[in-house]
Amino acid sequence: MFAILLSEKMDPFYQNIASFPTAFFTFFLALSLCYWLFAVLGVVDLEFLDFDIPEVEGELSSTKNSLTAGDVVAGLFLRFGLNGVPVTIVVSIMSLIGWFICYFIVHFFFAYIPEGILRYLAGLPVLVGCLYVSAMVTAFMIKPLRSIFKKATSHSVKEVLGQTAVVRSLRVDNSFGEVFLADGGAGLIFKARTFGDTTFKKGDRVVLLEHLAEEHAYRVISEEEFTR
């Protein structure tokens, strides 16, 4: 299998994914794959690259005099209906869809365009078009997921406070970490933070003691300390 990937027959494929405009989607697709790998291994939080997207467009317009780059991006996501699910999922799906569309356009049509500035000029509308189509398709695909994530985020705080969870990330400290709470079903994953300089390692049992609304996280202490 690896011999096929390194054979000369794969050269056109590598050339296409590394050339403009496909390279744009290749970069974000590779970034997404690395992110999910690190997230599964517990190296980063599942919400490490996320940012808040307001549910109402008016929340952005009310601060239009002091808009930041994040506000602009959040506004675009809201405009295309890409809110309601983690940004990492949106970017991953968009990257994959855009990559496929862009790759085949380049593969079948760019051979007829002379190399040089003409390919870049032709690549710009292709890039914009692929971004638009991938955004529309992604918005359609994530519609069923919104209710799932809304239900998860609205899970009663009182129901989980005092419950014992297991550290799933490599560590949990006062600025990083995640825990897994068995709820009789698929389980729940929460961002967790400790008090002071306390640090827990993967597999440690902790108790959810306090909800940090602004961080969407829970302050935790060790199970031993909680049962004293």
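Is Met94 buried or exposed? At 14% relative accessibility, Met94 counts as buried (buried is under 20% relative accessible area and exposed over 50%, with a 1.4 Å probe and protein chains only). The model is predicted: local features need pLDDT of at least 70, side-chain atom pairs count only at pLDDT 80 or more, and totals for chains, interfaces and linings use all residues. Residues are numbered from 1 along each chain as its sequence is written, and side-chain values use heavy atoms, without hydrogens and water.

View A. Helices are DSSP runs (H or I, at least four residues), numbered from the N terminus. Beyond the neighbours within four places in sequence, Met94 is in contact with Phe25, Leu82, Leu131, Ser134, Ala135 and Thr138 (contact: heavy atoms within 4.5 Å). Phe25 is 69 residues from Met94 in sequence, with 8.6 Å between their C-alpha atoms.

**View B. Lining of the second largest pocket, with Met94 among the residues nearest its centre.** Helix α3 (22-41), α5 (69-79), α6 and α7 (117-153) each supply at least two lining residues, and α3 gives the most, with 7.

**View C. Segments annotated "transmembrane region" in an unreviewed UniProt entry.** The record places this annotation on residues 20-44, 87-111 and 117-142. Residues 20-44 are 80% helix and 0% strand, with end C-alpha atoms 30 Å apart (strands are DSSP runs of E, at least two residues). Residues 117-142 are 100% helix and 0% strand, with end C-alpha atoms 37 Å apart.

Technical notes. UniProt positions are given in the numbering used here, feature names are shortened, and annotations may be inferred rather than shown by experiment. On a 1 Å grid over the protein atoms alone, a cavity is a set of points where a 1.4 Å probe fits but cannot get out, and a pocket is an open set with protein on both sides within 12 Å along at least five of seven lines; lining residues have an atom within 4 Å of a point.
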